[in-house]
Amino acid sequence: MLAFFIRRVGQSLFVIITMATLVFFGVNVVGDPVAMLVAPDADQAEIERVIRDFGLDKPIIQQFGLFLKGLTRGDFGNSFIFGEPAIELILDRLPATLELAIGALLLSIVIGLPLGLVAGLFPDHWGSKTIMALSIFGFSLPTFWVGILLIMTFSVSLGWLPSTGRGDTVSVLGLETSLFTLDGLTHLALPALNLALLKISLVIRLTRASVRETMQQDYIKFARAKGLSEFRIVRVHVLKLVLIPIVTVLGLEFGNLIAFSVVTESIFAWPGMGKLLIEAVLQLDRPIIVAYLMLIVVVFVTINLIVDLTYTALDPRVRLGGEKA
Amino acid sequence: MIAKSLNSPLALFLRRFSDNNVAVFAALGLIVIIALAIFAPWITPQNPYDLAQVDILDARLPPGEEAFAGFTFILGSDGAGRDVFSAILYGLRISLSVGVASGLIAMAIGTFIGLIAAFAGGRTDAIIMRIVDLQLSFPAILVALMLVAVLGKGVDKVLIALVVVQWAYYARTVRGTALSERKKEYVEAAQNLGLSAKRVLFFHVAPNCLSPLIVVATIQTAHAIALEATLSFLGLGLPQTEPSLGILIANGYEYMVSGKYWISVFPGLALLCTVFCINLTGDQLRDVLNPRLSK
C-alpha cells in the first residue's frame, strides 16, 4: 500500500509539473505576453520598460525557472487590474465556488439517485423510459441557456428567487458561507440547480446501469431465496453496491462542477472564482489566468488522487500488484 | 433478389435503427435541421445580415408582428430589427459548420494517433495514452477556455480549441478498436500477402474501426456545437461577425429582463433541438452499431 501511495503521489506531482510547463509555454510562447501587458498605444520606451520589469528579456528557460520558483510559493505575481496577488484574489473567491459546487452535487444526488433507482428496477416500464429520454434531454440542455430561462421564470416573471449575487453570509469555522442563512440559500437555489442539471442526468444513467447489473448477481437471487422482502434487498444489498461507482464518479465530477461553474457564475453574477476567470480572460489579466489554471490543476490532481486511494481502500476486489490477497 | 436487398447491411442497419421510434423521430428532425441550415437563404424571409433588407424601426417586435417589408416576424425581431427566425437559420449554418468541421479534423487527427498507438505498442503507445488520459481528465470547457484565453478570438482559434478538446476521444476509441481488430485473421492474411504495415493499417484496419468512430463522432459533434455556443455566449468564442446560435442568445440576453424573451429563447430552443436530436441519434447508433449487442 505504501509503495502504491508513493507511486501515485509521484504521478500526481509529475502531472502538476507537466501542466505548469504547458500553461507557462502556452501563455508565454504561443500568446504574446507583451501584447497582453501593455496598452496598444504604448510607445517603445513603455514597451521596453514592461519587458524589463517582467523579466521578459531573460532567456525563456530562466523565465521558466522563475515561474516554477514562484509556483512553489504560490506566487503568480500581482493582478494587472486589481494590483493584488493573483492567488489571494482567487482564494478569496474559492468558498463561493465550492459552495455552489457542493450545492449542485447534493441536488444531483437527491434528484438523480431515486430516478435512476426506479429506472433500473423497472427497466421496461414506460415511466423508466421517459426518465431515460429525459436524461438525454438533460445532457443536451445548454447550461447557459437554461440559466437564462431559470432567471426569466423564477426571478423576472414569478419573482420567487433572486437571480444575482450570493446573499447574506455567515462565518462558519472562519469561512464566509451562505449555506446557513435563508437569504443565502435562496440565492444559491437557482445557480446550484443550473449547475446540477448535467450531473442529474449522469447520476440517473449511472444508477440505472449499476442497479441493472447488480440485480442480476447471484447474491441477489440468494437474498430472494432467503425470503427477504424486495424493499430490504434494494435498500441493503443493491443500494450499497450501487453507491460505490456513484461516489467514485461524483468525486471525479466535483472538479468538473468547479470548472463548469465558470458558466453558471457568469450568468448568475455569483462572486466565485469562475466569474473572476472570465473577467480576467476578457481583460487579459494574465496572472489571474495562470493562477486559476494552476489552482484547478492542483484541485483536479488532488481529487483524482483521493478518489483513487479511497477506491483502493474501499473496494475489496481491488488488489494491488505485489500484495497477497 | 428481394430477400437479398432486404438483408443488405444498409437495410439491416435501417431496420435495427428504426426499432426505436424516438430515435427515428430525432434522426428525421436532424435531417430537417440540416436542410433548414443549408437552404437558409431560400427559406428565410430576409437575409438578416444584409443591411439593405433590415429596418431598425422593426426592432424588438414580438412574434407575429408584421415587418415594414411586408413579411411576418414569426419568432419576433431582435434589437437591430432582424428577423429572429432568419437569424436562427443563418446561425445554425455557422454553429453546424463549426461543430462538424472541428469534429472532422479531430476525427482525422485522433484516428491517426490512435492507429499509431495501437500498432506501435510499447513505449509509443504508453506515452500517447498517458497524454490522452491527461487530456481527458480535464473538462473540455476548461481546456477550451484556456486555449481561447491564450490564442485569442476568431473562427480559426475556436476551431483549434474545439479540435484540441475532441481528438483524445477519437484516439482512445480507435486505439481500443484497432487493438482488437489487429488480432483478427484478415489482418494476418493481409500481412501474409506481404502488404506494407502502412497499407494494412490505413486500408484494412481503419475502415473496420468506423462504427465506433461514427458513434463518437455524433456525440462529439453535439458537444462541440454546445461548447462553441457556450464560449460564444461568454464572449470568448466566435466574433460578432460570425453570429452563431450562442452569439444570438448572448445578444438577446440583455433584453431578457425587460420581458423580450423571444430574442434569446428561440435561438436557445434551436440549439437545444439540434443537440438533442444529435444525442438521441447517437444513442441509438451506439446500440445498433455495438457488436456486443447485435443478435
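Begin with chain A of this predicted model and colour it by its domain assignment, which gives domain 1 as residues 23–75 and domain 2 as residues 87–322. Where these two domains touch, the contact takes 6 residues from domain 1 of chain A and 6 residues from domain 2 of chain A. To see the domain 1 side, select α1 (2–30) and α2 (33–37) of chain A, the elements that give two or more residues to it. Coloured by residue class, that side of domain 1 of chain A shows 5 nonpolar residues and 1 polar residue, with no charged residues.

Next, display both chains and turn to the contact between them, which takes 33 residues from chain B and 32 residues from chain A. On the chain B side, select α7 (140–151), α11 (210–233), α12 (245–256) and α13 (262–289), each of which supplies at least two residues. Of these, α13(B) deserves a separate selection, as the largest share of the chain B side, 9 residues, comes from this helix. By class, the side of chain B that touches chain A has 26 nonpolar, 6 polar and 1 charged residues.

Colouring the residues of the contact of α5(B) with α8(B) by class gives 23 nonpolar, 7 polar and 3 charged residues.

How values were computed. Residues numbered from 1 in each chain as written. Chains lettered and ligands numbered in written order. Predicted model: local features only at pLDDT ≥ 70, side-chain atom pairs only at ≥ 80, totals over all residues. Domains from an automatic or database assignment. Contact = placed C-beta atoms within 7 Å. Helix = DSSP H or I, 4+ residues; strand = E, 2+ residues; numbered from the N terminus. Nonpolar A, V, L, I, M, F, W, Y, C, P; charged D, E, K, R; others polar.
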